[in-house]
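Trainee: Before I rely on any of the terms used for this model, I would like to see each one set against its cut-off. Can we go through them?

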Amino acid sequence: AQVDCAEFIKSSVKTEECPSDGLPEFALVGRSNVGKSSLLNSLVRRKRLALTSKKPGKTQCINHFKINNNWYLVDLPGYGYAAAPQELRTDWDKFTKDYFLNRPNLVSVFLLIDASIPAKTIDLEYASWLGRNQIPMTLVFTKCDKRKKKKHGGRRPEENIQNFQELIREFFQTAPPWIMTSSITNQGRDEILLHMSQLRNY
Ligand code: GTP
Ligand code: MG
């Protein structure tokens with residue numbers, strides 16, 4: 001399940017503008033700055049195919065990347081805090097949710113959660129929305145390379161991850177699959193690609 005070629009296809013701000021060839025796709029969503037674009041680059045082993053930034057709010061469109069000429073990875077704008085006006089962020093939220101609800105070839109949404117910090121309300125709300133709307137979902141915990149020292153009040157990624165899963169249990173009939181990742185060490189890269197190839201073959 002390796003990536004041999006990856007190419008940027010297009011940016012869209014409406015579901016109807018997205019590629020119409022019907023190939024299976026996986027979308028990366030999560031809070032601004034959680035590491036969606038970085039994860040995409042890690043998966044395709046390229047440094048700057050998807051643009052990343054320290055400043056939240058970098059990705060502003062639905063960006064389609066064609067993989068091995070037969071499926072797509074889709075990078076999305078983040079929700080939550082972002083260095084962009086509220087009006088623009090409301091727009092992003094509308095078109096991403098419309099895309100989730102009206103895209104038959106969307107195989108699974110990958111919801112990215114920062115494992116280096118305790119659960120955020122906005123992430124719980126997002127998971128709840130996906131669960132309520134029965135959108136197929138995989139949980140991806142990012143930044144697992146970051147380890148806060150206990151004496152500074154930080155919790156280990158493993159604790160944050162377990163806690164998050166307990167908090168979202170009520171939103172799902174069956175617990176969503178989950179994967180630990182780091183775009184620095186490339187932890188989880190093979191696991192995600194394998195999981196995606198299994199989902200495509202159902
Ligand atoms: P938006 O497009 O603004 O919604 O953000 P994004 O979710 O695409 O995040 P992006 O990939 O641009 O990364 C945001 C910041 O987090 C950058 O400074 C990255 O270098 C950093 N980052 C991303 N992934 C990781 C990771 O796995 N570990 C660490 N330590 N830092 C990461
Ligand atoms: Mg981004």
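Mentor: Start with helix α3, where D123, Y126, A127 and L130 are buried. This is a predicted model, in which local features need pLDDT of at least 70 and side-chain atom pairs count only at pLDDT 80 or more, while totals for chains, interfaces and linings use all residues. Residues are numbered from 1 along each chain as its sequence is written, and chains are lettered from A and ligands numbered from 1 in the order in which they are written.

Trainee: What makes a residue of α3 buried?

Mentor: A count of C-beta atoms, placed from the backbone: a residue is buried if 20 or more others lie within 10 Å of its own, exposed if 12 or fewer, and partly exposed in between.

Trainee: What do the buried residues of α3 pack against?

Mentor: They pack against β5, β6 and α4. Contact here requires C-beta atoms, placed from the backbone, within 7 Å of each other.

Trainee: What makes α3 a helix, and how does its reach compare with what is expected?

Mentor: Helices are DSSP runs of H or I with at least four residues, strands are runs of E with at least two, and both are numbered from the N terminus. α3 has twelve residues. The expected span is 1.5 Å times one less than the number of residues; for α3 that gives 16 Å, and the first and last C-alpha atoms are 16 Å apart.

Trainee: Why is L124 called partly exposed?

Mentor: L124 lies in α3. It has 15 C-beta neighbours inside 10 Å, so it counts as partly exposed. Leaving out residues up to four places away in sequence, L124 touches A119, L167 and I168. L124 and I168 are 44 residues apart along the chain, yet their C-alpha atoms are separated by 6.5 Å.

Trainee: I168 brings us to α4. Which residues of α4 are buried, and how do you know whether they line one face?

Mentor: The buried residues of α4 are P157, N160, F164 and I168. Seen down the axis of α4, they fall within an arc of 65°, so they line one face of the helix. Q162, N163 and E166 are exposed on the other side of α4. The cover over the buried residues of α4 includes β5 (106–114), α3 (121–132) and β6 (137–142).

Trainee: How does the span of α4 compare with the rule?

Mentor: The twelve residues of α4 (residues 157–168) should span 16 Å, and the end C-alpha atoms are 17 Å apart, which agrees.

Trainee: Why are R45 and N68 called exposed?

Mentor: R45 has 12 other C-beta atoms within 10 Å, so it is exposed. N68 also has 12 such neighbours inside 10 Å and therefore counts as exposed. R45 lies in the loop between α1 and β3 (62–67), and N68 is in the loop between β3 and β4 (71–75). Neither is a glycine, but phi is positive at R45, about 55°, and at N68, about 45°.

Trainee: What puts a residue in the shell around ligand 1?

Mentor: The residue's C-beta atom, placed from the backbone, must lie within 6 Å of the ligand. 24 residues surround ligand 1, the closest being G35, S38, T52, T59 and G78. Helix α1 (residues 36–44) supplies the largest share, three residues.

Trainee: How do the shell residues divide by type?

Mentor: Into four nonpolar, 14 polar and six charged. Ala, Val, Leu, Ile, Met, Phe, Trp, Tyr, Cys and Pro count as nonpolar, Asp, Glu, Lys and Arg as charged, and the others, Gly among them, as polar.

Trainee: Last, how do you know whether the chain agrees with a compact globule?

Mentor: By the radius of gyration, taken over C-alpha atoms, with the globule rule being 2.2 Å times the number of residues to the power 0.38. For 202 residues a compact globule would have a value near 17 Å; the chain has 16 Å, which agrees.

How values were computed
The arc is that of the directions from the helix axis to the C-beta atoms. Two residues are in contact if their C-beta atoms, placed from the backbone, lie within 7 Å.
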